[in-house]
Amino acid sequence: MSSATKSDEHIELELTADFTTSESDEAQEAALQDSEDKENYVSPYGKTYTKNMWYFAVAGHKLKRGQTVGKQILDQPVLVGRDRQGNVFAMRDICPHQAVPLSAGHFDGKEVECAFHGWRFDTSGVCTAVPSLCSDQKMNLCGIKTRSYQCREVMGSVWVYIGDSEQAELPEVPHAPGLDGFKLGQTTTTLLLPTHIDYAVAALIDTAHVPYVHTSWWWRSKKALKEKSKKYVPSGTGWTMVKHQPSKHSIVFKLIGQYLETEISFRLPGCRREYITLFDRTIISGITTLTPIDDKHTELNHTTYWTVPGITWLVAPIVGYFVKTFLMQDQTLALLQEQVINKYNPRLIMTIKDAGTPGHWYFMCKKEWNDAYVQGRQFVNPIKEKILRWRT
Ligand code: FES
Ligand SMILES: [Fe+2]
C-alpha cells in the first residue's frame, strides 16, 4: 500500500487517478475515454477505501446472545458482539492494558473479560474492573477505554461504521431492496476474495463476464450472446438499473420470465442489490456486500431474502447451493487475477464502455463520497441517467 498513512481513526490513502465528477454526459464520456488513452494514466484500483461508511460485519443469526466475534475491517481489529438483551455492539479488539485481543477473552453477555489479566470492559469499551487492584489502590477506571464503533443490525445483518463517529448524521445502512412489509426468510453466504475491494466491486457490477464465468447447465452457456440495452439512473450513493424483465438465458427465466421483473442497484461502499417480482410482488431479494479486511483481502457476504418464510427449510439449501456455485466461479477468477496483480502490479486496467462504465461510476462515487466528507458537504451523486448497451 504505497504512500499510505494509517491512524486509529482513519485510513488515509492517496487517490492517484484523475477521475472527474463530470457534470455532463459528454464530460463523463471524455473522462472514460481519457482513462483508456492516457499513456501516463495510473489505475485507480487498490489505492483507496470508501471512508466514513457502514460495512457489513456478520450475519445476525451467527451472533447469538452472549457471543462475540473478532473481525478485521479496513485493517482495523474489531470485536463485534451481542449482549444479553440482544443488542449488538462493536469495539476495538485490543485490550488497552497490554494489547491482547479482547476476542481471546470471555464475554458473559454484559462485560468482556481480557484473557491476560482479567480486566473487564462494558459493551461501550469502558473498563469496569481491574482485578489485581487491592482495596486501597484506587484507579479511575472510566478513563481506561478501548474505542467503540457504531454498530447496527438491519434486516438480520450486523453493520459497523468505520470512520468519524462524531458526525452529526450517519449515512443510511445499506439493505436489500423491495422488502418493506414482508415477512422474510433469509440466508447468508460468506466468501473470501484475495483482492482489494476495488477489484471485487468491479467484478460484482461487471456484466460482460457473466457468459464466460457463470456457465452451467441450469444457468446459461456462453453461446448466443445477445445485445442488451438497459437504462441506468442515479440513486442513493450509486445507481439503479431500472426495472426490466430478466434475460431468458437460464432455464428458470425461460419458463416464467414473462411474469418476472428485476431491479438491480449499487450502493457504496460495495453493495450490489437486486430484487425480483412476480406479478409485481417481491418474491426474492438479495444484497451482496464487500468488506475490506485489508488492502489485499475482501470478505464477500451475500444475503438472500425470500417472502415466503414458512418454507425456509426448503429454500435455504437450494438458494445456498446456487449462490455458492455462482460466487465460487467469481472467486476462481479473483484468484487468477490476484496472482497477476501481486506479482506484476500492472499499472493500466482498461475500462471499456459501455460494459465497463459502471466500474468507472464506482470510482466517481467513491471519490465524491470521500471529497464531500473532507469538504464538510453533502454527497452529490455524480452519475447521470444513461442507456448502456453491451452483449452478454
Ligand atoms: S492485556 Fe488485557 S488485562 Fe492485561
Ligand atoms: Fe460474477
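What percentage of the 392 residues of the chain count as buried? The share is 34%, where a residue is buried if 20 or more other C-beta atoms lie within 10 Å of its own, exposed if 12 or fewer do, and partly exposed in between, with C-beta atoms placed from the backbone. The model is a predicted one, in which local features need pLDDT of at least 70 and side-chain atom pairs count only at pLDDT 80 or more, while totals for chains, interfaces and linings use all residues. Residues are numbered from 1 along each chain as its sequence is written, and chains are lettered from A and ligands numbered from 1 in the order in which they are written.

The secondary structure of the chain comes to six helices and 21 strands; these are DSSP runs, of H or I over at least four residues for helices and of E over at least two for strands, numbered from the N terminus. Among the contacts in the chain with a separation of 6 or more, 60% are made by residues 24 or more positions apart, a contact being a pair of residues whose C-beta atoms, placed from the backbone, lie within 7 Å.

One open sheet has three strands in the order 3-13-12, paired antiparallel, where two strands pair if DSSP finds at least two bridges between them. Strand 3 (53-59) and strand 12 (151-154) stand at its edges with a single partner strand each, so one side of each has no neighbour in the sheet. Neighbouring strands of this sheet are turned by 35° against each other on average, direction ignored; axes here are lines fitted to C-alpha atoms, for helices over the stretch in contact, and angles run from 0 to 180 degrees between N-to-C directions. Strand 3 is joined to strand 13 (residues 157-162) by six bridges, and Trp54 stands opposite Tyr161 in strand 13. Strand 12 and strand 13 pair over four bridges, again in the antiparallel sense, with Val154 opposite Ser157 in strand 13. The hairpin of strand 12 and strand 13 has two residues between the strands, and in this hairpin Met155 takes a positive phi near 50°.

A second open sheet, also antiparallel in its pairing, is formed by eight strands in the order 14-20-19-18-17-16-15-21. Its edge strands, strand 14 (185-193) and strand 21 (386-391), each pair on one side only, and the twist averages 20° from one strand to the next. Strand 15 (residues 227-235) is joined to strand 21 by six bridges, and Lys230 stands opposite Leu388 in strand 21. Helix 2 packs on this sheet, where it touches strand 14, strand 17 (260-267), strand 18 (271-278), strand 19 (281-294) and strand 20 (297-306), and its direction makes about 160° with that of strand 19.

How is helix 2 placed relative to helix 5? Helix 2 (residues 197-205) and helix 5 (residues 312-344) pack at an angle of about 140°, with their axes 11 Å apart. The two helices are therefore oblique to each other, since angles under 35 degrees count as roughly parallel, over 145 as roughly antiparallel, 65 to 115 as roughly perpendicular and the rest as oblique. Tyr199, Ala200 and Ala203 of helix 2 make the contact with Asp330, Leu333, Ala334 and Gln337 of helix 5. Nine of the nine residues of helix 2 are buried, so helix 2 is largely enclosed by the rest of the structure; among them are Ile197, Val201 and Leu204.

Key:
Two residues are in contact if their C-beta atoms, placed from the backbone, lie within 7 Å.
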